[in-house]
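Please open the structure in your viewer and keep the selection panel at hand.

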Amino acid sequence: MRICGIGDNVVDRYYNQRLMFPGGNAVNFAVHAQRSGMDAAYLGVIGTDSDGDLIRSSLQAEGVDLNHLRVKEGPNAFATVQMDDDGNNRKWGLCEKGVSVFELDSADLEYLAGFDLAHTGETSRLDPQLPEIRKRVSISFDFSDRDLDYAASVLPYVKVATFSRSGADETEIARVLDIARSAGVELVTITQGARGATVSHRGEVLFVPAVPVDAVDTLGAGDAFAARLACRVLSGVPLADAGKDAAEYSALICGTRGAFGHARPITREIPL
């Protein structure tokens, strides 16, 4: 199965640890799909600075196809992170989009027709182009913690939907499931922080508890879970088995600094 991550990339700068890591929802999904045995690609825009080089070199090291990667003069997107020692709590400082916001051109759209699934999300700002993307390939979309009013306009184009609802009660979880499934979404993932995740595939609903782990860094664990689950379910693995695998993989990622590793030292001062 061929999967393409489209849109955002970001370098997470861990100021207090003097380390920076590649990330971004679309990048993370592509990396985790590649690690899950898929043929994965990334389509997005990186800058001409050292941050952009970190994104490109990390994706190359992971074996992700960069055939339609764009490089634009200017700074790459970045986020400044203050991480607690336990890896569970973080504060965000200065974040900038840099050159990462873009529009797909006709060549990009035709390129996507060669994939089985294209993943993007609310941070990538590609919502106006979803109808054109959907004409060519099935869409996976990460809504993060955006509300259901926003989701309602996007869900009709989506095959795989991911929501973040840490701390939500059962009523809220049921409401998210109902709206997503009513819109025709085939696979729904609702991550619920340290508790685990509620998942649904073609009417089957399952709660997947988190695997206990001494976390080093929980950043990106939800992306890891959602990507692994989608890869397994869409490859024909039963939901319960796919959920167990996704939970174990997410726990493994919690033992890695950054969204998926590839640390690089910070050698300059960073604005907070």
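## First stop: Asp108

Select Asp108, which has its place in helix H3 (residues 106-112). Helices (H or I, at least four residues) and strands (E, at least two) are DSSP runs, numbered from the N terminus. The model is a predicted one, in which local features need pLDDT of at least 70, side-chain atom pairs count only at pLDDT 80 or more, and totals for chains, interfaces and linings use all residues. Residues are numbered from 1 along each chain as its sequence is written, and side-chain values use heavy atoms, with hydrogens and water left out.

Is Asp108 buried or exposed? Asp108 is buried, with a relative accessible area of 3%. Buried means under 20% relative accessible area, exposed over 50%, and partly exposed in between (1.4 Å probe, protein chains only). Now display the contacts of Asp108, where contact means heavy atoms within 4.5 Å. Leaving aside neighbours within four places in sequence, Asp108 touches Leu43, His68, Arg70 and Glu103.

## Second stop: the sheet

Next, select the strands of the open sheet. Eight strands form this sheet in the order E4-E1-E9-E10-E11-E12-E13-E14, with mixed pairing. Two strands pair if DSSP finds at least two bridges between them. E4 and strand E14 (204-209) are the edge strands, each pairing on one side only. From one strand to the next, the twist averages 15 degrees. Axes here are lines fitted to C-alpha atoms, for helices over the stretch in contact, and angles run from 0 to 180 degrees between N-to-C directions.

Strands of a sheet pair through backbone hydrogen bonds, either parallel or antiparallel. Zoom in on strand E1 (residues 2-6), which runs parallel to E4 and is joined to E4 by five bridges. Gly5 has Tyr42 as its bridge partner in E4. E1 also pairs with strand E9 (residues 117-121), in the parallel sense, over three bridges. There, the partner of Ile3 in E9 is Leu117. Strand E4 (residues 39-43) is mostly covered, since four of its five residues are buried.

The buried residues include Val27, Phe29 and Val31. After H1 comes Gly37, whose phi is positive, near 95 degrees.

The axes of H1 (residues 25-35) and H7 (residues 221-234) come within 9 Å and cross at roughly 50 degrees. H1 is therefore oblique to H7. Angles under 35 degrees count as roughly parallel, over 145 as roughly antiparallel, 65 to 115 as roughly perpendicular and the rest as oblique. Among the residues making the contact are Phe29 and His32 of H1 and Ala227 and Cys231 of H7.

H7 lies across E1, E9, E10, strand E11 (160-164), strand E12 (187-191), strand E13 (196-201) and E14, and runs at about 160 degrees to E12.

Select Val137, in the loop between helix H4 (130-134) and E10. Val137 is buried, with a relative accessible area of 3%. The C-alpha atoms of Val137 and Asp116 are separated by 6.2 Å, although the two residues are 21 residues apart along the chain. Leaving aside neighbours within four places in sequence, Val137 contacts Leu112, Phe115, Asp116, Leu117 and Ala118.

Then select Arg125, in the loop between E9 and H4. Arg125 is exposed, with a relative accessible area of 52%. This residue is not a glycine, yet Arg125 has a positive phi of about 60 degrees. Finally, select Ser144 in strand E10. Ser144 has a positive phi of about 55 degrees although it is not a glycine, and Ser144 is partly exposed, with a relative accessible area of 24%.
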